[in-house]
Amino acid sequence: MPDKGFLLQSSPHFLDKDSVPRIMYTVVISLSPAVFASVYHFRFRALGIFLSCILACLATEAIFLWLRRKPFFSLWDGSAVITGLLLAMTLPPSLSLELAVIGSIVAIAIGKQVFGGLGNNIFNPALVGRAFLQTAFPVAMTTWTPPVTLKIDIATFATPLGSLKFQNAVTEGTLAPIKNLLLGNVGGCLGETSAIALFLGGLYLLSRKVIDWRIPLGILLSLSIFTGIFWLSNPAKYASPLFHILGGGLMIGAFFMATDMVTSPITPLGSWIYALGIGLIVGLIRLFGGFPEGVMYSILFMNTFVPLLNRYTRPRILGERKKT
Amino acid sequence: LKDKAGILVMGGPMMGLTQWTMAVPVVKGTSGILAWEVPSIQKEHECIRCGRCVVRCPMSLMPTLLAKYAKFDKTTEAEAYGILDCVECGCCQYSCPAKISLVHWIRLGKNKITSLKREKRA
């Protein structure tokens, strides 16, 4: 038995089993229902875009880690895989693979690594990649092909929100039925069409306590209140809140994009303000803005407020007096 | 005590102090003595700002910010965010998924502040 020379270390001596790679791969698992749904709806096109985005993200991450002389183990922490997966889910199925790769490179290089890698980026990397593609290649990013499972014979058609915005779908009565929105049998981006698959994944994340429940709840609440006011005042002109929640990218935005740990506030009160703001801006853009869809821009917009929110929503320290 | 014991803790697992030698007396305040094998070192990741430490902190501090301020010698900011109120309970470090030594950094920050104050007084 040794008498001395025991290891000295700082307390605490036990740590939680949870780790960064574990969190990241939990998110990947929770995205899998939506991935399967989109592969089912869009077949090989979806598979190609998913694979090329993930591989391009991993490659860009590896190059930047090498350039910045950073340890390589953080390549496998799963954050680059998630960025690729999330970016692919927000791309239209008809997009060519080169554009998907360009988007992934921008997402990792400009969205994440120029700020100092994982944990230091201001904006959600996947959404930065998508915003870049949307600005640089607007035609390719708004050409929607119908899913294979929806048996119609046209090359392109509008997303549910697009027809709501530009074709007066409510007054014409051509609004996509709620059942199709739930199953994903509508036009739209790869991963955002099937609301039920995204909701399942989101529930799994909530049950594993990976994401903050305040953020999805706050977004859904404020969007349904905002659109509900207009729907109740004039149901003949505005779509119902349920349509707004299930249509477009709101589900993936609320459960997977806005809850990205790095780009959401660290204080509980800050999370509430952030979530309510996102829902409100989504509603504003959808009802009055120039775009049919506003989830991407509203999340990016609220991301800019996160440092401010963190500063002004500091929790009151135990025993600290309220400022009078 | 078996031969395998590589770490000796006086006190509990969260706040106990490690001892270098067995020749330490047990006194009235000693709550317990723990011994186990040398733990494997876990890789430290970047802080992903998940906010778990902020939710867990019983003093309602923001440990992740305090640790960063302590790391970069920002003593005035650290004091404004209440680094001296930390009770070193270890809840933040326990829940940290990035395995950052939060309590260690906060202790270092406290020492930096108190030594600065001592210098000013002298």
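Predicted model: local features only at pLDDT ≥ 70, side-chain atom pairs only at ≥ 80, totals over all residues.
A residue is termed buried under 20% relative accessible area, exposed over 50%, and partly exposed in between.

Over all chains, the structure holds 8 salt bridges. Within chain B, the side chains of Glu79(B) and Lys117(B) form one such bridge, with an N to O distance of 2.9 Å. Glu79(B) belongs to helix α3 (residues 75-80) of chain B and Lys117(B) to helix α5 (residues 102-121) of chain B, so the bridge ties together parts that are 38 residues apart in sequence. Because its relative accessibility of 38% falls between the two limits, Lys117(B) counts as partly exposed. Glu79(B) is likewise partly exposed, at a relative accessible area of 34%.

Glu88(B) and Lys110(B) also form a salt bridge, in which the closest N and O atoms are 3.0 Å apart. This pair links distant parts of the chain, 22 residues apart: Glu88(B) is found in the loop between α3 and α4 (91-95) of chain B, and Lys110(B) in helix α5 of chain B. With a relative accessible area of 14%, Lys110(B) is buried.

Between chain B and chain A, the count is 1 salt bridge. In this class of contact, Arg52(B) is paired with Asp18(A), their closest N and O atoms lying 2.9 Å apart. The pair crosses from helix α1 (residues 52-56) of chain B, where Arg52(B) is located, to the segment before α1 (20-42) of chain A, which holds Asp18(A). Arg52(B) counts as buried because its relative accessibility is 9%. Asp18(A), at 14% relative accessibility, is buried by the criterion of under 20%. Salt bridges that share partners join Asp18(A), Arg22(A) and Arg52(B) into one network.

The wider interface was then examined. In total, 43 residues of chain A are in contact with 54 residues of chain B. The area buried between the two chains is about 4,400 Å², and carbon and sulfur atoms give 62% of this area. On the chain B side, Trp20(B), Ile48(B) and Arg49(B) supply 17% of the area that chain B buries against chain A, more than any other three residues.

Attention then turned to the nonpolar residues. The largest nonpolar core comprises 108 residues, and those with the most contacts inside it are Leu91(A), Phe256(A) and Tyr274(A). When neighbours within four places in sequence are left aside, Tyr274(A) is in contact with Ile215(A), Ala258(A), Thr263(A), Ser264(A) and Pro265(A), and also with Ile299(A), Met302(A), Asn303(A), Val306(A) and Leu309(A).

A nonpolar patch is also present on the surface, formed by Trp213(A), Leu217(A), Leu221(A), Ile225(A), Ile229(A) and Leu276(A). Together, these residues have about 570 Å² of accessible area. Helix α11 (residues 214-233) of chain A gives the most to this patch, contributing 4 residues. Ile229(A) is placed in helix α11 of chain A. Because its relative accessibility of 53% is over the 50% limit, Ile229(A) counts as exposed.

Key: Residues numbered from 1 in each chain as written. Chains lettered and ligands numbered in written order. Heavy atoms only, no water. Core = buried A, V, L, I, M, F, W, Y, C linked by side-chain atoms within 4.5 Å. Buried < 20%, exposed > 50% of the residue type's maximum accessible area, 1.4 Å probe, protein only. Contact = heavy atoms within 4.5 Å. Patch = residues over 30% accessible without salt bridge, like charges linked within 9 Å, V, L, I, M, F, W, Y side chains within 5 Å. Areas by Shrake-Rupley, 256 points an atom, 1.4 Å probe, with all protein chains shown as cover. Salt bridge = Lys/Arg side-chain N within 4 Å of Asp/Glu carboxyl O. Helix = DSSP H or I, 4+ residues; strand = E, 2+ residues; numbered from the N terminus. Buried area = accessible area lost by both parts, 1.4 Å probe.
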